[in-house]
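Student: I would like to learn how to read a protein model. Could we look at one together?

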Amino acid sequence: MTADGADQTAEMLIHLARLAQSGGGDLTSAQWTALRFFARANRFSRTPSAFSQFHATTRGTASQTVKSLVAMGLLERHRSDTDGRSVRYDPTPAGHAALRRDPLMALVNALARLPDEDREKLRRSLAAAAGEVAEARETARFGTCDDCAHLEATQDEGGYCRCAASMLSPEELGALCVDFGPRTASG
Ligand code: SF4
């Protein structure tokens, strides 16, 4: 049994997601999702493996998507010697330029017009729902440091991640993370 309107809301979310991703020109919706993910994720998460969990796809499919973006000059591969994960991918200047014509901006602009309180309530509700579905699928739950149980406050404006045993800059606190652990069960 579903609560009143829950099924219609779920259908509307799927409809909205598909609608918002249409009109992407020369990139597929998977390529746009990957480009956006690698621009938004933190240094621990910019890997094909983390992207496969974010996009709910196989590791092989995620790797093919990443490779295609590298071939188009929109992502580049870097060897990491600081965080224990051997390679990560970053958007190139052309990748960042492509994101300025991201088809998702129509939805971003529509959400930006909502009252601040409604937008924050919607963000929290969707994050909680995404967490529940991720748990049911036994896959990673993505989130940012501000809501994460692994974050320790520091004297400066950044933080310390107990999970990665690393200092975080203020800019990193708002990035998507595959190791996110919600502070409460409801997130
Ligand atoms: S504090 Fe949490 S969200 Fe931030 S880097 Fe660490 S595990 Fe990821």
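Tutor: Gladly! A residue counts as buried with 20 or more other C-beta atoms within 10 Å, as exposed with 12 or fewer, and as partly exposed in between, the C-beta atoms being placed from the backbone. Ala-56 is found in the loop between H3 and H4. Its phi is near 50°, a positive value in a residue other than glycine.

Student: What kind of model is this, and how are the residues numbered?

Tutor: The model is predicted: local features need pLDDT of at least 70 and side-chain atom pairs count only at pLDDT 80 or more, while totals for chains, interfaces and linings use all residues. Residues are numbered from 1 along each chain as its sequence is written.

Student: Where is Ala-165 found, and is this residue buried or exposed?

Tutor: Ala-165 is found in the loop between S4 and S5. With 10 C-beta neighbours inside 10 Å, Ala-165 counts as exposed. Ala-165 also has a positive phi, about 50°, although it is not a glycine.

Student: Which residues touch the most other members of the largest nonpolar core?

Tutor: First the idea: in soluble globular proteins, nonpolar side chains tend to be buried together. A nonpolar core is a set of buried Ala, Val, Leu, Ile, Met, Phe, Trp, Tyr and Cys residues joined through C-beta atoms within 7 Å. The largest one here has 25 residues, of which Ala-34, Phe-38, Phe-51 and Val-66 touch the most other members. Helix H2 (29-40), helix H3 (48-54) and helix H4 (59-71) are the elements that give two or more residues to this core. H2 gives the largest share, four residues.

Student: What does Ala-34 touch?

Tutor: Leaving out residues up to four places away in sequence, Ala-34 touches Phe-51, Thr-65, Val-66 and Leu-69. Two residues are in contact if their C-beta atoms, placed from the backbone, lie within 7 Å.

Student: Where does Arg-141 lie, and is it buried or exposed?

Tutor: Arg-141 lies in the loop between helix H7 (116-136) and S3. Arg-141 counts as buried because it has 20 C-beta neighbours inside 10 Å.

Student: Which residues come nearest to the ligand?

Tutor: Among the 14 residues around the ligand, Cys-145, Cys-148, Cys-161, Cys-177 and Asp-179 come nearest; a residue is near a molecule if its C-beta atom, placed from the backbone, lies within 6 Å of it.
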